[in-house]
Amino acid sequence: MADVVLTSTETKYFTDDDVSKTVSRAIDLLNYDFNHDFHFVVIKPSLCYYWDYSTSETTDPRVVSAIVDYVRGQLGNDVSIFVAEADASAMRTKHAFKMLGYEKLSRKKHVKLVNLSKGDIVDKEVSVGDKKFTLKVNKMLLESKLIINVPKLKYHRRVGISCALKNMFGAISTPGKYIYHRELSEVIVGINKIVNSDVTVVDGIIAKGKYPKKMGVIIVSDNVLAADYAAAKILGYNPRRIAHINLAEKEKIGDFNHINLVEDGTDLEEIRSAFPEQNYLLQKISWKLQLKMLKAYSKIVGDTIPPILEE
Amino acid sequence: MLKVGMIGLGKMGRLHMMNCLKIDGTKIIAAADPSKKALNKAKFVGVNNLYTDYHDLLNDSSNMDAVIISLPNYLHFESIQLALEAGLNVFVEKPMANTVEECHKIVSLVKKSGKKLMIGHCLRFVDAIEKMKDSVDKGYIGDLEVITIEEVISGPFAHGAVPTPVSEWWFDPKKAGGGTLLDLGYHLIDLFRFFVGDSKMLYCCLDHKFNLPIEDGAIVILCSSNSSAKGIINVGWYQKTNFPKYNFRLILHGNAGYISSDALVPGNLYLHAIKEGTKNLFRKLIGKNIRPLSYTYYYESYYKELKHFFDCVKQDSDPLISATDGLETMELIEEAYKICNKNF
């Protein structure tokens, strides 16, 4: 049985203290067993691009800061904590850490920032359904006994929801992950089969739907699929209709029928009704249609496509 | 037939290359870019002489009439200097150079060479701006008192349909020469000068939301040297918007009326694209020249500015934007940075 804790900030001001208390309370309610000899801890936020947490695109460093405090409280001050992210097709980690406030966090909390695209990287083979992939993974992720996955709660034009499962796609060492976009669901599930998120803390302080909405929500789970299940429901989607979530269940990353939802001072329905739902299927179709029409027009008429719209 | 060399085939360079192909009486005979992928694109559209180093292109430029320079900011000065010394007419992306000192040298070099130099101040060629300038010149709104101009977009952080990393030079203050004030503010300060002439910088405030040494937001106030007109300029890179959303507006407040660009720009750019695309389709069917990029509204200005430059070269007339414009705009920007104690 996977536990999912759903909680929200006490006030609507989202102060540092408020965020810290909410994260701490949520992890407490998860009752995760920290009584192991964790040599080091890896925290994987979602830093997919250079837009900061207030735009609802990336993980709030205050959530990560609260997790660092919690982990030190459980494991002692000597535990090494790494905040890790890999380069992406358009994002370079060295800039993202600086621009999104993680360098500041690193100095303040004495945590090390790690670029997962650098260092010891190994090829790992994985099968998802009848497809086989070889993914590049940083050894640090394979050796860590405690990986804390800290995604952002957000809608995603291509896959519907970008949360815990999708956040680990960002951990693949290959910077040009755009090459996987044709088999995105399979690769998302593949990396989650290779790298297990021990604890997931979803940052829904400011969540992304039709627009960035200040929700004050934190979801914590000991199973990555269970966290996505709750997140999908909040976004107004049927989790079974989200391809990568459905596939993850088939691949036994989790089980929809064995989820224990703990609602702390709020409930999923209340949060869902406040969420600015985005119809992702319509968005996906209309975007693809626009690009196809543009390409056809350019071919027939011989007109130029501006670089920003080039496929 | 004007023979043209392309220097730099990044996003802007590729756009200029595609536009150049559609201008009658011009032929691209060479292109230079360190990226083989970019050079392959040039080869695909029929450019035969390809170079990975632009110096080699300039060394082989004896049969060339002009070059289009779309390099990172810090390479503008050197490439302009070498192109003018090679006897070429030059179209260069803004800013003309990274410092006032370099701009002064370019002004002298242009005079000495007798060649044309035009800077890509594309906003002057946007339909709405052309109409607004015409209205002001005809006196429809009386004397200009206050001009407000704003452009808040993603700047270099804009995401294309295919995600590619932001070029590293943008993060290096020495190479970029500045942040959003130099990138977007340059255009808007030029527009202020376009409407009122000689200007002075009164106030500048810079923002650093991105924790970078270069600014991502700026507000400046200018005034005309010859009238009571003032300008308020607001620029930023911090807004996560993508084309066709384009957060730009210019409002001219005169003592007899006002004009806002919002009233002249198509309200719905999707409908505009369908309308203009259909018109181009008909033009194509009846064998007429299409209006390149008219369906995008704003991007058409890039075609128009380039066509204007080549018309000036062919007719031996002065381009609408000269090296002196580049210098004077840069002087105002340096003054703004001085107010904020910024020195790149």
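## Helix pair H1 and H2 of chain A

In chain A of this predicted model, Asp16(A), Val19(A), Ser20(A), Val23(A), Ser24(A) and Ile27(A) of H1(A) meet Arg62(A), Val63(A), Ala66(A), Ile67(A), Asp69(A) and Tyr70(A) of H2(A). Two residues are in contact if their C-beta atoms, placed from the backbone, lie within 7 Å. Of the residues in the contact of H1(A) with H2(A), 7 are nonpolar, 2 polar and 3 charged. In this classification Ala, Val, Leu, Ile, Met, Phe, Trp, Tyr, Cys and Pro are nonpolar, Asp, Glu, Lys and Arg are charged, and the others, Gly among them, are polar.

Helix H1 covers residues 16–30 of chain A and helix H2 residues 61–75 of chain A; they pack at an angle of about 50°, and their axes are 9 Å apart. Axes are lines fitted to C-alpha atoms, for helices over the stretch in contact, and angles run from 0 to 180 degrees between N-to-C directions. H1(A) and H2(A) are therefore oblique to each other (under 35 degrees is roughly parallel, over 145 roughly antiparallel, 65 to 115 roughly perpendicular, and the rest oblique). The crossing of H1(A) and H2(A) is right-handed; a crossing is right-handed if the near helix is turned clockwise from the far one by less than a right angle, and left-handed if anticlockwise.

## Basis of the model

Residues are numbered from 1 along each chain as its sequence is written, while chains are lettered from A and ligands numbered from 1 in the order in which they are written. Because the model is predicted, local features need pLDDT of at least 70 and side-chain atom pairs count only at pLDDT 80 or more, whereas totals for chains, interfaces and linings use all residues.

## Overall form of the chains

Chain A contains 11 helices and 12 strands. Helices (H or I, at least four residues) and strands (E, at least two) are DSSP runs, numbered from the N terminus. The C-alpha trace of chain A spans about 65 × 45 × 40 Å along its principal axes. For 311 residues a compact globule would have a radius of gyration near 19 Å, and chain A agrees, with 19 Å. This radius is taken over C-alpha atoms, and the globule rule is 2.2 Å times the number of residues to the power 0.38.

Chain B likewise has 11 helices and 12 strands. Its radius of gyration of 20 Å is close to the 20 Å given by the globule rule for 344 residues, so chain B is as compact as a globular protein of that length. The C-alpha atoms of chain B fill a box of roughly 55 × 50 × 40 Å, taken along the principal axes.

## Domains

Chain A is divided into domain 1 (2–278) and domain 2 (279–311), with bounds from an automatic or database domain assignment. The C-alpha centres of these domains of chain A lie 32 Å apart. In the contact, 5 residues of domain 1 of chain A face 5 residues of domain 2 of chain A. The domain 1 side in chain A has 1 nonpolar, 2 polar and 2 charged residues.

Chain B is assigned domain 1 (2–120) and domain 2 (123–266 + 324–339), and their C-alpha centres lie 25 Å apart. Here the contact takes 12 residues from domain 1 of chain B and 16 residues from domain 2 of chain B. On the domain 1 side, helix H5 (residues 100–113) of chain B gives the largest share, 4 residues. By class, that side of domain 1 of chain B has 8 nonpolar, 3 polar and 1 charged residues.

## Contact between chains A and B

Between the chains, 24 residues of chain A are in contact with 30 residues of chain B. On the chain A side, helix H3 (93–99) and helix H11 (280–301) of chain A are the elements that give two or more residues. H11(A) gives the most to this side, with 4 residues. The chain A side divides into 13 nonpolar, 6 polar and 5 charged residues.
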